[in-house]
Amino acid sequence: MKLLVTGGAGYIGSIVTRMLLDAGHRVVVLDDLRTGHSVALAPEAEFVQGRVHDAAEVITPEAGFDGVLHFAALIQAGESMIKPELYWQNNTVGSLALLDAVRAAKVPRLVFSSTAAVYGNPTELPIRETAVTAPTNTYGSTKLAVDLALTSEAVAHGLAAVSLRYFNVAGAYLAGSVALGERHAPETHLIPIALDVVAGRREKLQIFGDDYPTSDGTCVRDYIHVADLARAHLLALTAARPGEHRVFNLGSGSGFTNRQVADVVREVTGHPLPVEVAPRREGDPAALVASADLARTELGWTPEKPTLHDMVTDAWAFYRDQILERS
Ligand code: UDP
C-alpha cells in the first residue's frame, strides 16, 4: 500500500513507519518537526515537512494514497489544561482538515491515534470500548472530538476508519542498527523522567498526588510496549472496513501505581531513585486499565512484551545508548 503517516518523526509514528517499510509498504511522512525529530525519520520514506492543516497539499487525488495513519498531535494532558486553545486548534481542527483532504482524494482508510484519556474517570475497570467517554482533560476532549468525527465520516462517506485508544506507551524499538524511542522535550512522562533521575539529570522524581483511591494512593496506569502498540497499527490497516468506524483499546490489561513504576525502574537500572510527593496534576484520572480483549479477538493482536520490566529495560537501553552516550 501507499500510506501517509502524519507525525512520522515522533516516538510512535517513527516506529510504525519503520514496521510499515519493513512489511513492504511505501510511506510518505508528513511532520512539522515541532515535536518530532529528524533523526527518527526513516531514510526510505519520503518526507514532507508541514502541518496536518495543510494535508491537502500532500493528499492529492493524483498521489494515490491507500491509507493514512494519523499520529501528529500535541499529547500533554497537563499542558492541555493550561493552553486548551492550542490543543483544539492543533489536534481537532488539524484532524478535520486532514479528513477533508482524505475525503476529497478518496483515500479509502484511516487509522487514528486515540487515547485512554477519552474515558476520563472510568465507570468500569478494566475499561472496554463501550465504556462511557467523559474526558477529564482537554487533551482527551480533543481526541474524542476526532473519534466522533470519524464515526460520522465513515457512516456518511464510507471511510474505513479505525481508532486505536492507547493506554500508557513505554519502551523503545531496538532491532539491529535501528534504535527508536522517546525523546520528548520537555519530557512529561513518568518513565523517561524517572530515567532522567536515575541518570543524574534530575534530582528526584515528583509523584503527583498520593491521595487517590488506589492501593498506595498514587495513580494507576496500564503500560503497553511501543513495539506491541506499533504492530497493532499494521493489523488495524487490514481490519478497516468501508463505512465502519472500529475502535480498539490497546493496553496490557494490568495496572501499576506510580510508586510501583518507580520500584521497577530501581530494579531494572540498579540505581537509587529518590521520590517526593507533589500535588495532584490537574486533569489526571485515578486509574486507567484497559480491556484489550477486542484487539486480541478482532485484530488477532498479541502483545509480545507485556511486562513492565521488559518495557523499562528497553526504555533504559535506549536512554543509555541514544540519549546519554550522544549528549
Ligand atoms: N507522573 C508523576 N510524575 C511525573 C510525571 C508523571 O507522578 O513527573 C504521573 C502522572 O500524574 C500520572 C502518571 O504518572 O499519574 C502517568 O503520567 P504520564 O504523563 O506518564 O502519562 P498519562 O497517564 O498522563 O498519559
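## Backbone exceptions

Leu-33 sits in the loop that runs between strand 2 (26–31) and strand 3 (46–49). In this predicted model, Leu-33 has a positive phi of about 60°, although it is not a glycine. Most residues other than glycine have a negative phi, and most peptide bonds are trans.

One joins Leu-125 and Pro-126, with omega about -5°. Pro-126 belongs to the loop between strand 5 (109–115) and helix 4 (138–157). Another cis bond runs from Ala-185 to Pro-186, where omega is near 5°. The loop that holds Pro-186 lies between strand 9 (178–180) and helix 5.

## Confidence

The protein chain has a mean pLDDT of 96, and 100% of its residues reach 70 or more. For the complex, the predictor gives an ipTM of 0.99 and a pTM of 0.97.

## Surroundings of the ligand

Which residues come nearest to the ligand? Of the 14 residues around the ligand, these are His-189, Leu-190, Ile-207, Phe-208 and Cys-219. Two elements give two or more residues to this shell, namely helix 5 (190–198) and strand 10 (205–208). Strand 10 supplies the largest share, 3 residues.

By class, the shell around the ligand consists of 6 nonpolar, 5 polar and 3 charged residues.

## Helix 5 and helix 7

Two packed helices are described by the angle between their axes and the distance between the axes. For helix 5 and helix 7 the angle is about 45° and the axes are 10 Å apart. The two helices are therefore oblique to each other. Helix 5 passes helix 7 in a right-handed crossing.

On the side of helix 5, the contact is made by Leu-190, Ile-191, Ala-194, Leu-195 and Val-198; helix 7 contributes Asn-258, Val-261, Ala-262, Val-265 and Thr-269. The residues of this contact comprise 8 nonpolar, 2 polar and no charged. Leu-190 of helix 5 takes part in this contact and is also listed among the residues that come nearest to the ligand.

## Helix 7 and helix 9

Helix 7 (residues 258–269) also packs with helix 9 (residues 308–324), at an angle of about 60° and with the axes 9 Å apart. That angle makes helix 7 oblique to helix 9. The crossing of helix 7 past helix 9 is right-handed.

From helix 7, Val-261, Val-264, Val-265, Val-268 and Thr-269 meet Leu-308, His-309, Val-312, Thr-313 and Trp-316 of helix 9. This contact divides into 7 nonpolar, 3 polar and no charged residues. Val-261, Val-265 and Thr-269 in helix 7 meet helix 9, and these residues are also part of the contact with helix 5.

## Helix 1 and helix 6

How do the axes of helix 1 (residues 11–22) and helix 6 (residues 226–239) cross, and within what distance do they come? They cross at roughly 60° and come within 9 Å. Helix 1 passes helix 6 in a right-handed crossing.

In helix 1 the residues in contact are Tyr-11, Ile-12, Ile-15, Val-16, Met-19 and Leu-20. Their counterparts in helix 6 are Val-226, Ala-227, Leu-229, Ala-230, Arg-231, His-233 and Leu-234. By class, the contact of helix 1 with helix 6 has 11 nonpolar residues, 1 polar and 1 charged.

Methods:
Residues are numbered from 1 along each chain as its sequence is written. This is a predicted model: local features need pLDDT of at least 70, side-chain atom pairs count only at pLDDT 80 or more; totals for chains, interfaces and linings use all residues. pLDDT is the predictor's confidence in each residue, from 0 to 100. Axes are lines fitted to C-alpha atoms, for helices over the stretch in contact, and angles run from 0 to 180 degrees between N-to-C directions. Helices (H or I, at least four residues) and strands (E, at least two) are DSSP runs, numbered from the N terminus. Angles under 35 degrees count as roughly parallel, over 145 as roughly antiparallel, 65 to 115 as roughly perpendicular and the rest as oblique. A crossing is left-handed if the near helix is turned anticlockwise from the far one by less than a right angle, and right-handed if clockwise. Two residues are in contact if their C-beta atoms, placed from the backbone, lie within 7 Å. Ala, Val, Leu, Ile, Met, Phe, Trp, Tyr, Cys and Pro count as nonpolar, Asp, Glu, Lys and Arg as charged, and the others, Gly among them, as polar. A residue is near a molecule or strand if its C-beta atom, placed from the backbone, lies within 6 Å of it.
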